[in-house]
Amino acid sequence: MSVWASLRLRDRNAHSSGEGDHLVFLDFEGRTQAQWRILRDVLERPRSVDVTLCHQDLPGRAELYLATSKVRSRLLELDLGLVESVVPSSSHRPPGLRAVDTLLFSESSPRIETAEGLSIWGGPAGMDLGRMVAREVKGLVAQGVDPDEILVAFPRWDDQAEAACEAMRRAGLPIHDAAPKALDVDPAVAATLQAARIPLEDWEAELVIRFLRNGQLRPAWGEHVDRLALAEAASTLREMSVFRGRRQILAALARAIARNEDAPDKAERDRRRRKIEQATRAHPILENLIGAIDPLSRPRPWAEHAAELRRAVESLGLGRRDGRALEALWDALEDRAAIFERLGRGRVAVSWEEFVDELADIASEIAAPQPTPPAGSIRTALVDEVDGCRAGHVLLVGLVEGSFPRRPAVQRFLELKPGEEPGEAAREAYSAEALRFARVLGSAERGAHLFYPTTDAKGQPLLRAGFLDDLLGALTTAAESACHQAHRRFHPALLDREDLALAPADARVLAAALAGEKGRTARLRDLARDPAHRGPLEGAAAALVALERRRKGAPFGAFEGLIEDPEARARLAREFGPVDHTFSPSQLETYLTCPFQFFSRHVLHLEPIVERDELDEDYTERGSRLHDILEEFEKRRAEAEGAAPDDRLLTAAIDKVLAREVEELSELDLGLREIEHGQIQRIIAQYAHQRAEYETQAPSAPAPKWFEFGFGEAGTEHPEFELSLGAEVVRLKGRIDRIDLLETPTGSRFRVIDYKSGYPPSAKDVTEGRMLQLPLYAMAVERLLYQSGQAGLLDVGYWGLKDKGYRPIVFEQWQEVREALVARVFAVIQRLRGGAFQVAPQKDGCETYCEYRSVCRIRQVRAADKKVEADAGPAAAADRTLGGRPAKAGRTKAGRP
């Protein structure tokens, strides 16, 4: 470009340039012949020309100005009217800065005796050094220095530069961060890349969810499609059991919309209705999103890809708040299209994947446009960007070893052999680095402030910049003492440097530390009176109260699930009273397993975030299918009456239940279905063997009479099952997997069976009253089906489909068990109505699998070794075994009641 410009200038008509032009060549480098040709052409024309050069013709500083001496000599040799004028250091600058201009890097000069205008600070690297910078800047502003007159320069943009900018922002200073950023860091461009990737990933649900939650997405899809609607659509999609595919996403939403609202209780009906409404609102949003993005994924020429992407971005509303970075991206894509056109590839089709990969590379390589600094802001820049700049105060931050001079400038000196003299090129490179340092100091009109890290994050000492050591060595002892302070470490709460607590958060931490460690509460009280600090301080105080209540030895309280507020308890009593609530045995078991889990699920109605991987198994869905297959098999077996073999009936049952439409399924889904089909077949085959053993061990051929026997639920023909204890009444509902009828010498007996696709609970869990479902179901069957005594209870049990099949649990004293069971149920309900939801799980290791482990703080409770206090009243029955002692478990015996 320089050569082209020089040739253009040579070819121009001498009269094309108007008279009176004034050109300035700032710090003329003269590195190439093109630069010299341009300068000569300008000087030959009727213009006023100034050429500036950092140079002093002094014997004692010849090495310093070696990098510019050749340029000066050549300029003076030009016979084109250049006249050399020496510009002295401004008399308005402080004496210390003028002395630095004159004496630094001098071979034989007196030392600098005054440090006026110069300050040098050392502190721990990172945020501590950043706080020192912020303190200095805030002090200057407090003295009346205009922020526009403050320049913060860094040798390079690194972690220290970011920490300094962050510290100034936290201190409330109007800092303009000029750190270079690539286009792909800009939010609008990042959102564009995110949208472009979605079709390539086959509309992976997680990518779509993240994009819907992107704040840059502002489509014009109707007045009701706002940020809240987009976020709700993202949450709705997350709850769907769909992982990828645009058709699958829309189909899942359509199924959710068509779902039946019927449910056994009002809370569940309201929840289902809410889910249907959410899916109804989300469906058009996802449909519009697919319509905007999916057409992009087609082979096209480069220019058409760029045009289609821009159309999609505009329809999605990306970059509406600030589209400058997107405009830079469009310009870059147009430039690339022009290159393809010149290469004869303008009409060659490019795949969308190839285009997106190239798009990402372009966005990562091009610098984003820097916003214009607003008036009254503190400027930041790199050292190499401030040549020729002047500022009232210059802060040079990050003077660590390797910054001044940079390592390449001293590498040649390190490679010299003993006694070998450095070459001229090495001396010139070193001179250029020294002038680079001198220029920065010379940019300060009234003050130069230098900052260097003394220790790293681990407390290890760091070396200062070499030129900073030269500057300190040029100062007299008195001058250095007046301007130089260094600190190796600070107290974490800044107790030893209260002047650095400029940020609001630091001020609060310091005030709390002063009150806690030194008993000085005045500052904390002052902050508490300030509305800006009062909210965070109240939160910290509440946290301290919670920690105190959670400490070891303290009883369970409000911070571990014990409801103490009378109004809250009254509301619990109403919501879980006999009029408004019907309990299920599983709810009662949840409370017994962990009261806080019951509180989270059934009181607060918290819905766990299910983050299931695409390849993970859905155990709940598979268990439901297994139940359906077993029910279908047993019905077919009863109808066949031995006319068809069991294996054929099992195959027919599996085929009927698993038959489904597969048009909407992807190849991965089809593969997963095949795997699931194989797993179910193996389990059902095992069930066939278990069933043969089950029949041989029974006193007579068991006759399955009921499957999915429901009571108290919507759509069931049987009413709720009521328990009473004195004047108290509890209503129960449930669904029993299977009820078998057996003939024994003492009459007909029924058996309650609960299928378990995993490993079932132990008989001890039932007999000791931790699992209430089976005995409660037995009482419900007695009351609802055999109230007249047509059949009595034989036993209950779990059928472990993966375990050993059916294992009966026999209650020898069933009447006593029933009485103890009623007392236990009422004790549990009395506790939960009273607000006792302590974080007291009955199983170890629950923090590895519980859906609510992120909110219960179980590890804190266990560390505090808290115990649930035993009740002296009727609630004590909740801690008793059924019947007062563990019931015996064993195989069913004929004639045993």
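Tutor: Start with a definition: two strands pair if DSSP finds at least two bridges between them. The model here is a predicted one. In it, strand β4 (residues 150-154) and strand β6 (residues 378-382) run parallel and are joined by four bridges.

Now widen the view. β4 and β6 belong to an open sheet of seven strands, ordered β5-β6-β4-β7-β8-β3-β9. The pairing is parallel. At the edges stand β5 (175-176) and β9 (484-486). Each has a single partner strand, so one side of each has no neighbour in the sheet.

Next, the helices on the sheet. Helix α6 (residues 159-170) lies across β4, β5, β6 and β7 (391-397). Its direction is at about 150° to β4. Helix α17 (residues 466-474) also packs on the sheet. α17 touches β3 (118-123), β8 (444-453) and β9, and makes about 125° with the direction of β3.

Last, a helix pair. Helix α7 (residues 187-200) packs with helix α8 (residues 205-212) at an angle of about 150°. Their axes are 10 Å apart. Angles over 145 degrees count as roughly antiparallel, and α7 and α8 are therefore roughly antiparallel to each other. The crossing of α7 past α8 is left-handed. From α7, the contact uses A191, Q194, A195 and I198. From α8, it uses L207, V208, R210 and F211. By class, the residues of this α7 and α8 contact are six nonpolar, one polar and one charged.

Key:
Residues numbered from 1 in each chain as written. Predicted model: local features only at pLDDT ≥ 70, side-chain atom pairs only at ≥ 80, totals over all residues. Heavy atoms only, no water. Axes fitted to C-alpha atoms, helices over the stretch in contact; angles between N-to-C directions. Helix = DSSP H or I, 4+ residues; strand = E, 2+ residues; numbered from the N terminus. Parallel < 35°, antiparallel > 145°, perpendicular 65-115°, else oblique. Left-handed = near helix turned anticlockwise from the far one by under 90°. Contact = heavy atoms within 4.5 Å. Nonpolar A, V, L, I, M, F, W, Y, C, P; charged D, E, K, R; others polar.
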